[in-house]
Number of protein chains: 2
Amino acid sequence: MSNFRAATAQLKRRLGVCVTTDHDVLFAASFDGSKLSFLPDAVVRPRTNAHISAVLTLANKHRVPVTTRGAGSSLTGSGSPVKGGWVLDLSKWKKITVDADAGMAQVQAGAVVGDVHKAVEAKGWFYPPDPASKQYSTIGGNIACNAGGMHGGKYGVTRDFVLALKGFLPTGEYVEWGASTKKFSAGFNLRDLWIGSEGMLGVITEATLKLIPLPAARWTLLTAFADELAAFKAVRALFAQRVQPAICEFLDRTSVQCAEAKSGKTVFAGQAGRPVVLLELAGTPSEVADQKVLVLAWAQANALAFREARDRAEAEQLWEVRRKCSGAMFALGDSKLNEDIVVPMRNYEKFAVFLDKLRKSSRLPIPTFGHLGDGNLHVNIMYHRENRAEYLRAEKAVGTLMAGVVKLGGAISGEHGIGLAKTPFLRLQHSPAQIKAMQAVKLALDPNGILNPGKMFTLFKVWEHPRLKIALPWDHK
Amino acid sequence: MSNFRAATAQLKRRLGVCVTTDHDVLFAASFDGSKLSFLPDAVVRPRTNAHISAVLTLANKHRVPVTTRGAGSSLTGSGSPVKGGWVLDLSKWKKITVDADAGMAQVQAGAVVGDVHKAVEAKGWFYPPDPASKQYSTIGGNIACNAGGMHGGKYGVTRDFVLALKGFLPTGEYVEWGASTKKFSAGFNLRDLWIGSEGMLGVITEATLKLIPLPAARWTLLTAFADELAAFKAVRALFAQRVQPAICEFLDRTSVQCAEAKSGKTVFAGQAGRPVVLLELAGTPSEVADQKVLVLAWAQANALAFREARDRAEAEQLWEVRRKCSGAMFALGDSKLNEDIVVPMRNYEKFAVFLDKLRKSSRLPIPTFGHLGDGNLHVNIMYHRENRAEYLRAEKAVGTLMAGVVKLGGAISGEHGIGLAKTPFLRLQHSPAQIKAMQAVKLALDPNGILNPGKMFTLFKVWEHPRLKIALPWDHK
């Protein structure tokens, strides 16, 4: 802070009331869901494209860092202005327009994902990406980290539904990538380069989203298994039958036990503490009816027990367990490393064995749940912050986890991105040549390095930084 | 040619029999489907990754252009070595491995798309992209131009089915982008930057493709309309009902008339010379049965006449018309400008009016057919090469077409790419800031400009270059 006093004064003269330096506002913009806090010099709430262009032009001239912000619900620190400078707050840019014939939506970056769902579903369309943060997080943020969610296995992730982007280069120049069409093969594809680049290559102001027809029918089945290995094997067997459930969520024994301890209820009567897989089919009524036959036969052959939801209310009760399990884990430790790794389906069983070893070697509880349709599992390493021995074992365990995942052909992040928290592991995923290429692209598009500096490539020792002790609306606790 | 004699000699010493300078081989690699021919200095057929790395390292050292080649079926000249140098022929890299449980395929760049279809369909999986060139074109080439085809509207294009790429940076360094997983949010996404970059940013050696379950049922309906405007309006009404046909192909009056004149048969008995829309539903038997009811009601309400195929053999006869119409057009002129433009669905009707005006102002036949599921239409401007007045009107018409398409919010290319042939129009699609950003990325990744130079950004006056008079296996004539 304060390095950029003169530039900030100039910005205020230019943009007037859009620029705030009130301490409360700066503090609120100083952290994201990671609770890593760094005060910016100003918060800018632009009202027009010209405002954004002016911010970037000035920032470039004076080398002021600019961190674009939606809801600030990122879990990795990608929204924390680690180098100070200006926070460009787009949370008021929330217009949503649905083209009900073509099945597309024009959405401003600050629109909340849950609002997009509502707007398009009201017209019979469906936007599948559904991160757990959907009631808070914005489309801009979802695009910046290529967010996923429960529907990823069958339908795909944010990237798969973005047809076009509008926004600004770090230089302040307005650009459009792609068109409101499902085909586009004209020039290099900078649209997808922006998607997942965590606000480091451009400022996204608007997206055209591709929609699919809203599934008319859904059907939910809860299945229990003897252990994690049995669950993983069974799911592989289901997919091998060419059945694609819309959702296929897994909770391991520890996650189930936490949920049961917290709620005082058994997730699956008679199968207390067993790992479960929650399946949901979606489609036309007859499509769902067809697949239901296959899934029930599969459950009969593979599960220890299974139970279908009689109606949407009962299905909702089942989903409640999945949503609550994340918060329930804090019974096992006051701190959690939530890693959103991905494992290829062919290595699900190997990963179950690997994870068991990691639990033993770290002597820490590692409840794991997540999306078995795409192998994106949330591995939660639980520890007590004040217990130095536990903290060191947790630090070691996360490194072992990441190396193991990459060795199994997977990814260190499936939907959260790198931000600050995963910078120690980026080089496990990417070779020096790959990193060099990425950095060359960054330098080419943002020669002064003003957009979201300090993220992704710069090692950030997350262990050495205190996290705010503050409750956020989307905390699972 | 001959500028790179010393470098080529060195390459021969390094790679031995993999390097050819025989004239016949050089000639065969001098052109692609555009028939724009430029002799390279050598053709390299690498056998190993080390070979490819050596080629690029040497090329970088001596600034030798390298044009990667699969089948050479590109229609834009993107495969023609316009600056000479070395052609890197990957057509023998054709291994295909299917992961039948996960629904993925590992495919080497030289594998023919039709062979990929066969390999995955044998295991109950489906790879939807199906360019008309599928019996010839390679996966590497399809990725390089982000090929589409008839299934684009419902299922998406090549990009939507590529999970990971392996290959080389122009510097000769080996890289991997993405993993064999459906989620990946770790680092900048250079995978999608490579896709559609026409071999200018890297050499693709292998791809992991995402597959979907093979639709068990298909149903085909032929519909006829009074005129093009009526057909476009009707299709929009169908999509507004949330019906997504797997295929929705359109043939305008001129296309139908050409096909009828050539075959001596009426496409739709009693509706000679009327524009037609060919629809195909695909999915589970019950899903298709459900949608069939909606489509038949729609046809009853909107079409002049309609006729369903009683079986696959009859469906095949209907598709035959669609496939043959392109060749039949040469009755209208010995030369054709086949532009694969895209129009957003909301502007289909405006485009019909625009095209009629263009036919009148150019006084040329412009038969148009293509994919109404995604607005990707093949607009064929027919003229006689030796008739200078026609040729000039054709040149003017294509410029008017491209400007009109961009004005309607569409794209100058939906599946062919820019190559040489569309360089005059790139700046209609992209602003100076957009072009500058693309060129900055090119310079960052390929500082010596060795990969496929002279394409995309450099104006190529395609009119001034003779085309080979040679029959290619995939010519429609």
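The model is predicted: local features need pLDDT of at least 70, side-chain atom pairs count only at pLDDT 80 or more, and totals for chains, interfaces and linings use all residues. Residues are numbered from 1 along each chain as its sequence is written, chains are lettered from A in the order in which they are written, and side-chain values use heavy atoms, with hydrogens and water left out. Chain A holds an open sheet of 7 strands, and chain B likewise holds an open sheet of 7 strands. Chain B and chain A bury about 6,500 Å² between them.

**Sheet of chain A**

- The strand order in chain A is β15-β12-β14-β13-β17-β18-β16, with antiparallel pairing; two strands pair if DSSP finds at least two bridges between them.
- Strands are DSSP runs of E with at least two residues, helices are runs of H or I with at least four, and both are numbered from the N terminus.
- At the edges stand β15 (305–308) and β16 (335–342) of chain A, each of which pairs on one side only.
- From one strand to the next, the twist averages 15°; axes are lines fitted to C-alpha atoms, for helices over the stretch in contact, and angles run from 0 to 180 degrees between N-to-C directions.
- Strands β17 (residues 368–371) and β18 (residues 376–383) of chain A form an antiparallel pair over 4 bridges, in which A:G370 has A:L377 of β18(A) as its bridge partner.
- Helix α9 (residues 253–263) of chain A packs on the sheet and touches β13 (247–251), β14 (276–283) and β17 of chain A, where contact means heavy atoms within 4.5 Å. The direction of α9 makes about 80° with that of β13(A).
- Helix α11 (residues 312–328) of chain A also packs on the sheet, touching β12 (217–224), β13, β14, β15, β16 and β17 of chain A, and its direction makes about 55° with that of β12(A).

**Sheet of chain B**

- In chain B the order is β15-β12-β14-β13-β17-β18-β16, with antiparallel pairing.
- The edge positions belong to β15 (305–308) and β16 (335–342) of chain B, each pairing on one side only.

**Strand β14 of chain B**

- Because 8 of the 8 residues of β14(B) are buried, the strand is largely enclosed by the rest of the structure; buried means under 20% relative accessible area, exposed over 50%, and partly exposed in between (1.4 Å probe, protein chains only).
- Both faces of β14(B) are covered, with B:V276, B:L278, B:E280 and B:A282 buried on one side and B:V277, B:L279, B:L281 and B:G283 buried on the other.
- β14(B) pairs in the antiparallel sense with β12(B) over 8 bridges and with β13(B) over 5 bridges.
- B:E280 is the bridge partner of B:T220, and B:I247 stands opposite B:E280.

**Contact between the chains**

- The size of an interface is often given as the accessible area lost when the parts come together.
- Of the about 6,500 Å² buried, 58% is on carbon and sulfur atoms; buried area is the accessible area (1.4 Å probe) that two parts lose on being put together, summed over both.
- In chain B, the residues that lose the most area to chain A are B:K183, B:F188 and B:R242, together 15% of what that side buries.
- The contact takes 90 residues from chain B and 88 residues from chain A.
- Between the chains there are 8 salt bridges, each a side-chain nitrogen of Lys or Arg within 4 Å of a carboxyl oxygen of Asp or Glu.
- A:K183 and B:E415 meet through their side chains in a salt bridge (3.1 Å, N to O).

**Cysteines**

- The structure holds 0 disulfides over all chains, a disulfide being a pair of cysteine sulfur atoms within 2.5 Å.
- B:C258 is in no disulfide, and the nearest cysteine sulfur, that of B:C325, is 8.2 Å away.
- B:C258 is buried, with a relative accessible area of 7%, and B:C18 counts as buried at 4% relative accessibility.

**Positive phi**

- A:M456 is not a glycine, yet has a positive phi of about 65°; A:M456 lies in the segment after α15 (432–445) of chain A and counts as buried at 0% relative accessibility.
- B:K35, also not a glycine, has a positive phi of about 60°; B:K35 is found in the loop between α2 (23–28) and β2 (42–44) of chain B and counts as buried at 15% relative accessibility.
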